[in-house]
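Good morning, and thank you for making time for this item. I should like to take you through one structure, element by element, and I ask that you keep the display in view as we proceed.

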Amino acid sequence: MKLTRRDFLKLCGGTTAGVALLGMLGPESFLEAAPIDIPLRKRIGEKTTICCYCGVGCGVIVASDENGKATNIEGDPDHPINQGALCSKGAALIQVTNNERRVDKVLYRAPYSSDWEEVSWDWAIDKVARNIKKTRDENWTYKDGKGRVVNHTEAIGWDGSAIVNNEEAYLFTKFARSLGITYLEHCARLCHSSTVAALGASFGRGAMTNHWIDIKNSNCIMIIGSNAAENHPLAFKWVIKAMEKGAKLISVDPRFTRTSSRADIYAKMRSGTDVAFIGGMIKYVIEDIEKHPENYNMTYIKEYTNATLLIDPNFKGPADLDGLFSGYDAGKRAYDRSSWVYQLDTNGIPKRDLSLKDPNCVFQLLKKQFARYDVDTVCSITGTSKDVYLKVCEAYVATGKPDKSATIIYAMGTTQHTNAAQMIRSYSVLQLLLGNIGVAGGGINAARGQSNVQGATDHCVLYHILPGYLKTPNPDDVDLKAYLEHYTPTTSDPLSANWWQNYDKYIISLLKAWYGDAAVASNDFAYEYLPKVDGDHSHIAMAEAIENGVVKGLISPGHNTAVSGPNANFERAGLDKLDWLVVCDLWETETAAHWKRPGVDPSRIGTEGFLLPARASMEKEGSLTNSGRWSQWRYECCDGPDMARSDLWIVTELIKKLKELYDMEGGEYPAPILNLTCDYGDPPDVHKVAKEINGYDLETGELLSSFTKLKNDGTTSSGNWLYCASYTEDGNMAARRDPTQTSAQANIGLYPNWAWCWPVNRRIIYNRASVDLDGNPFNPDKPVINWHPLRGEWEGDVPDGGWPPMSQEGTRLPFIMTSEGRGHIFATGEALKDGPMPEHYEPWESPVDNLLSGTQNDPAVTIWKSLVKGDVSKYPIVATTYRLSEDWNAGQMTRNLPWLVELMPEMFVELSEELAAEKGIQNGRMVIVESARGKIEAVAVVTKRFSPYSINGRKVHQIGMPWHFGYMGLAKGDSANMLTPNIGDANTTIPEYKAFLCDIRAK
Ligand code: SF4
């Protein structure tokens, strides 16, 4: 039996909803849906894939008929994460492939035309390649104004996406770098770039520490800045599992969400005040540690974090400098971070004070900074009621005991702020104080909104990094030696693994993978081919560069920036100024059809447009990496439209055509293109790309089994060292579907033989922090690893570094990616631009003054030329944006699906009953929401889910709206991002979508 519309609606737990019924669907309706009670029947071609929507990574079975058409799609009952269940989006997947709205022709829009015209693939590939070549050749820079070699072009932007497979994302990076592109970005910049910066600075790796199933091991779960029940429903299943065993759920959110409705404690918090909220908890913990150290894991705090380490006496913090740290230069809006460093002994090893009493030790500096975060001040900032706040502190802090654990789950409610990285840092500090990193049921779990955010980020479709988080060289990195000296950390501490000491092996192996025989020791392994990037080339910078005419051509595979970018009116107008724009997508997106948007005249828009029909996830093969770092293989299960091609095919065709053109015609700096390896067959074989990513022993031709085998002498290759071990001589690890476990692995829900997980199949990173100095688990009931003294080896998960326990000779500290081996309560040196410890600042647009200092906003954010700031007297209401269960990001892959459109047909804005009464707004009627950037129309949903805050004795209103809508698709509506400011986080420039000012009125 096929899933019908009626089945679908039943599965989603409601009937045609409409916005007035929003919120009546409980998360349990999804959870109870599995296993789907559709009897399996013999089908032709039943294959598995992974859901293309969110980062949970649910398994899906697709059945297709003899013509290659999908006949049924349902949850994979064998899959350990979703166990057969799917949420509303997953249950509607069949309408992604069987959909008359799919782009099924190669389309071209001539400058000033009001129509698409149909062209052939050959013509389009040739024309796009010629456009790229022309723009590149006319705008090539060999040396910058200071005479430094840069070998780049700033005239072409590449705005990729996280919807593509790993192999495609990898080729995006490889191809864009070979062209010398500096404006290389993808949508992870807009959703989780602050996660990478903050978690990297805290622990050494910028990824979710645990995995979805592990949440069941928690004693307490704090979901903050995330509505997991709605946006990651099958991850929330594991929250429910934990609660069934007695765990407490805390929901911290400005809005009473579906997650809040399941929580033991709901704490209302004004958008953008996370550091204040968590800062009060940090103060609570510090005071409690001093009174009751027996309730905390003091071994963990003293040995595994940097709490005992001494900081340079010249360092000063916000308690002394009115919200600033030492080294601030107001003119540059930047810090000199030279005092944010450890005191070193004569051997160059950081000094420590095991008593935690030295005024310069990290613990005392933390205590001093957060002494200001008393409960009254915190609650005056956040708007949380004091009794609820104290309940949160009590429940969460109880997990400081060695045999307890708590996890923090967050998403874009946290990541999209001007001080987002510091918000995530505050979570990290709290978790380190409670000994919650590296343990079962602990960690910081970043919920990714797209299916392959983790993988596309790992492969670094981002201007500032190369695959595996290697740094993009800047013009001062004049040769490979200078580059390696710049980025390879050194230490003389024998307890530090200092894993990045292997940097040379990783970059040289990458250059061998990209340039093959053209990369030899005598030419620095073709290091000069890499474009050198100076300054910020992230999303907001790229939008300004488009506006200013610097970027003239844009390639946008899978990213609908016209809906997802901040200050959308500004970004859309920028697209009109491009010479050419290439979009690869399943749908006619707002970005592709920017010249069709309301209020513009196509005959005045000269951008040459290409809309290349792409294949959907179930129509192609490859791997993707979920939030929990699981790389999972999905198969080509069915056919898409005849003319649709995979991004892998499109990008390799472009590479081949560019090679041909440069070979025949010459051009500027052709060597990186001509020498780029691209031997994947015709059509390209995705397995060859996956193997290239893994890497080879070039002397034997064998695939490598681990990145520990990589060398710095040019005898190994690896496109991404982090994925070395993902495709070995034993086969494709990501394709594994073996659920077998040892009893210890089953106890905590590890599936080591199911798919593959980076790094080296380690499922919980920093897991050597889960054991005491002798290697015994702090929590004997839920060991992640333990040391077997007789066999002299670790058992359980893959240990994070194979060294023996800390009490033994030859050991190393457990945070092997940080320079000194400890978790960073204090993030030293160059790690972050706006402070070594988190400090509260108000959002860029805020209705109130900062109660903790005279520094109102994050002092290190970039003020962009195009930025417009709203005046609180005109725009007094705090606004935020969010996602819906039935919609996905910029909407193109949900607003074109009839079932989902029926559930969520139109744009709306939620506001409190009090605000509605003040403004004379009625439920279900149209309203106008206006900010300093633009105005939108939406249906008013008057709800108890929002209520006014009392902020320092003053009433403050907040409203909220989804950000999925746009002017194309089956369901249309104004885009929330017409209101949001183009200002970003100080470290990553992720835009501040989640707190801005507006006004609202009845239409
Ligand atoms: S959208 Fe996320 S939770 Fe829903 S089925 Fe897909 S992967 Fe699972």
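Let me begin with a term: a residue is called buried here when its relative accessible area is under 20%. Please bear in mind throughout that this is a predicted model. By that criterion, 68% of the 1003 residues of the protein chain count as buried. The chain holds 30 helices and 38 strands, and its C-alpha trace spans about 75 × 75 × 65 Å along the principal axes.

I turn now to strand β19, residues 580-585. In a regular strand the side chains alternate between the two faces of the sheet. Because 6 of the 6 residues are buried, β19 is largely enclosed by the rest of the structure.

Next, the helices. Helix α10 covers residues 233-244, and its end C-alpha atoms are 17 Å apart; at 1.5 Å a residue, 12 residues should span 16 Å, which agrees. Of those 12 residues, 9 are buried, including F236, W238 and I240. Just after the helix, G246 takes a positive phi of about 105°. Helix α12, residues 274-291, reaches 26 Å from its first C-alpha to its last, close to the 26 Å expected for its 18 residues. Since 14 of these 18 residues are buried, α12 is likewise largely enclosed by the rest of the structure.

Helix α10 also brings us to the ligand. Both α10 and α3, residues 88-91, supply at least two residues each to the shell around the ligand. P233 and L234 belong to that shell, together with C51, Y53, C54, G57, C58, L86, C87, K89 and G90. P233 and L234 are also among the buried residues of α10.

Finally, the aromatic residues. How many aromatic pairs does the structure hold? There are 43. In one of them, W499 and W803, the ring centres lie 6.3 Å apart and the planes meet at 75°, so the pair is edge-to-face. W499 lies in the loop between α20 and α21, and W803 in the loop between β30 and β31, so the pair ties together parts that are 304 residues apart in sequence. W499 is buried, at 14% relative accessible area, whereas W803 counts as partly exposed at 22%. Ring pairs link both tryptophans into a cluster that also includes Y483, Y487, W500, Y503, Y506, Y527, F707 and W721.

Two arginines lie over aromatic faces as well. R136 is placed over the face of W140, at 4.2 Å from the ring centre, and R629 over that of W758, at 5.8 Å from the ring centre.

Thank you; I should be glad to take questions.

Key
Residues are numbered from 1 along each chain as its sequence is written. This is a predicted model: local features need pLDDT of at least 70, side-chain atom pairs count only at pLDDT 80 or more; totals for chains, interfaces and linings use all residues. Side-chain values use heavy atoms; hydrogens and water are left out. Helices (H or I, at least four residues) and strands (E, at least two) are DSSP runs, numbered from the N terminus. The expected span of a helix is 1.5 Å times one less than its number of residues. Buried means under 20% relative accessible area, exposed over 50%, partly exposed in between (1.4 Å probe, protein chains only). A residue is near a molecule or strand if one of its heavy atoms lies within 4 Å of it. Rings of Phe, Tyr and Trp (its six-membered ring) pair if their centres lie within 6.5 Å; planes under 30 degrees apart count as stacked, over 60 as edge-to-face and the rest as tilted. A charge sits over a ring if NZ of Lys or CZ of Arg is within 6 Å of the ring centre and within 35 degrees of the ring normal.
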